[in-house]
Amino acid sequence: MSGRTGTFAAADLGATSGRVMVGRVGPGVLELTEAHRFPNVPVRLPDGLRWDALGLFQGILDGLRTAARSGPVDSVGVDTWAVDHGLLDADGALLGAPFHYRDARTDGVAEGVWERVGGAAELYRTTGLQHLPFHTVFQLAAAAGSAQLASARTLLLMPDLFTYWLTGSVGAEETNASTTGLFDVGTGAWSAELLGRLGIDPGLLPALRAPGDPAGTLLPYVTEYTGLPAGTPVTAVASHDTASAVVAVPATESGAGAEAGAVAFVSCGTWSLAGLELPGPVLTEEARAANFTNERGVDGTVRFLRNVMGLWLWEECRRTWEGRGHVVELPVLLERAARERPFRSLVDPDAPEFLAPGDMPERIAAYCRRTGQPVPRSPAAVLRCVLESLAVAHRRTLREAAELSGRELRGLHLVGGGARNPLLCQWTADASGLPVTAGPVEATALGNVLVQARAAGLVGDLASVRRLVAGTQPLRHYEPQGDGSAWDRAAARFEPSPRNC
């Protein structure tokens, strides 16, 4: 391991915003500063909901230009959300703005895909993915027969698309590839059998890259605009943002996924990704029926988890209220929510009516009316409903993950933006009965930076990466408090949404 300190730029794009962060990594050093932040606002077009990919890429370029002003950068890495993609023509040009995973065009598509591949169980045995209607395989099925897909010669997932525009180099990073429904989680390769059954040209999918692999160097137009030197490398990181976040889980007690037990994680933001890091997939029928997913992580690990809708519910509530001219101050509402009556109303965050953008306060009210619960009337009551519901969902998901994988839960690491929310952290500890370590908040960007630093030889294995996170980042600890039986009763009345698989 080198004794020097390196500087790395992380382009980290989430569902509502993007940013370029600059990280310094060295012996006992892990520092992160924000170079540039920009909004990620989808665009509603006549044919559906799309991402503004060009605007997002301009935000990356502007961020790299700001990063260059602060000094040399050893490499650049890109992570984003999963499943969405751009299609390129034979000249490498983008064929239209990429669709947003919340677009409704994939509704009802899954049944046709299952029929062609031999059923939902057969698809699960290969891909290990929970059923979500927007996986890439269903998006491609929805696009069948379109002029756009007929003209496509290359499919690039969102981080690979931005990497291509930075470098001119085509590839598919495996942590994101594993979310497509076209990847064999057992072999770690594209599934030729699935592609054949679905009539998808294997040439559409680029060669796979592992986190830490070189992804090319910055193109001349990028270096001219940003001021970064010619030859600046771009490194393939764990490009699925959750995979990057899990890299930065500060699990030092037994190692996440160690044989004696497993440290659970919740990567909490727009989505709550709750589960365990394991050495291999869990492909049982029980895991499929429980709708658990097996996604690729760093060093061949598997993230055995389930997607929970997460703080999206609250973000949409706030957006709705602010659109009506109401100021929403979260710190004040957290204090008021703590004084609201416990467990008055609970919702299933994964109910299908909560997936699309829209009037979330009314959808929550309608859910409560349908299930015979009091309707939360004030923003503080709505916030309490959302946070308690998420805590119960975290509990349910983690306990199922432990049972399905045969692992023991010893503690929980809650990373991402949700780590800033003390009520969510405490209630997750109370509901799960597990001690919660909250932080780092910027886990995704840190994971991006750390994979780059490891590729540069500045840090060692995954355990040493996590020790560095634990020793340098601010963390908060929450012990279970109060009456655990109250959470048992709340969980017992919780109404899960049906699993459509």
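User: How do I read Gly358: does this residue count as buried or exposed?

Analyst: Start with the cut-offs: buried is under 20% relative accessible area, exposed is over 50%, and partly exposed is in between, with a 1.4 Å probe and protein chains only. Gly358 has 17% relative accessibility, so it counts as buried. This is a predicted model: local features need pLDDT of at least 70, side-chain atom pairs count only at pLDDT 80 or more, and totals for chains, interfaces and linings use all residues. Residues are numbered from 1 along each chain as its sequence is written, and side-chain values use heavy atoms, leaving out hydrogens and water.

User: Where is Gly358 placed, and which residues does Gly358 contact beyond its neighbours within four places in sequence?

Analyst: Helices (H or I, at least four residues) and strands (E, at least two) are DSSP runs, numbered from the N terminus. Gly358 sits in the loop between helix H13 (330–339) and helix H14 (360–370). Contact means heavy atoms within 4.5 Å. With neighbours within four places set aside, Gly358 touches Glu316, Arg319, Thr320 and Arg363. Val237 is 121 residues from Gly358 along the chain, and their C-alpha atoms are separated by 33 Å.

User: What describes the chain as a whole, and how many helices and strands does the chain have?

Analyst: The chain has 19 helices and 21 strands. For overall form, take the radius of gyration over C-alpha atoms; the globule rule is 2.2 Å times the number of residues to the power 0.38. For 501 residues, a compact globule would have a radius near 23 Å; the chain has 22 Å, which agrees. Its C-alpha trace spans about 60 × 55 × 50 Å along the principal axes. Of the 501 residues, 59% are buried. Among contacts between residues at least 6 apart in sequence, 74% join residues at least 24 apart.

User: How many disulfides are there in the whole structure?

Analyst: A disulfide is a covalent bond between the sulfur atoms of two cysteines. The test is a pair of cysteine sulfur atoms within 2.5 Å. A search of the whole structure finds zero.

User: How many aromatic pairs are counted?

Analyst: A pair of aromatic rings is described by the distance of the centres and the angle of the planes. Rings of Phe, Tyr and Trp (its six-membered ring) pair if their centres lie within 6.5 Å; planes under 30 degrees apart are stacked, over 60 edge-to-face, the rest tilted. The count is 13. Phe57 and Trp165 are edge-to-face, at 5.3 Å centre to centre and 65° between the planes. Phe57 lies in helix H1 (residues 53–69) and Trp165 in helix H6 (residues 158–167), so the pair ties together parts 108 residues apart in sequence. Phe57 is buried at 8%, and Trp165 is buried at 13%. Phe183 and Trp190 are also edge-to-face, at 6.3 Å and 85°. Both Phe183 and Trp190 are buried. Trp51, Trp81, Tyr101, Phe134 and Trp271 form one aromatic cluster.

User: Which ring does Arg50 lie over, and which does Arg102 lie over?

Analyst: A charge sits over a ring if NZ of Lys or CZ of Arg is within 6 Å of the ring centre and within 35 degrees of the ring normal. Arg50 lies over the face of Phe99, 3.7 Å from the ring centre. Arg102 lies over the face of Trp312, at 3.7 Å.
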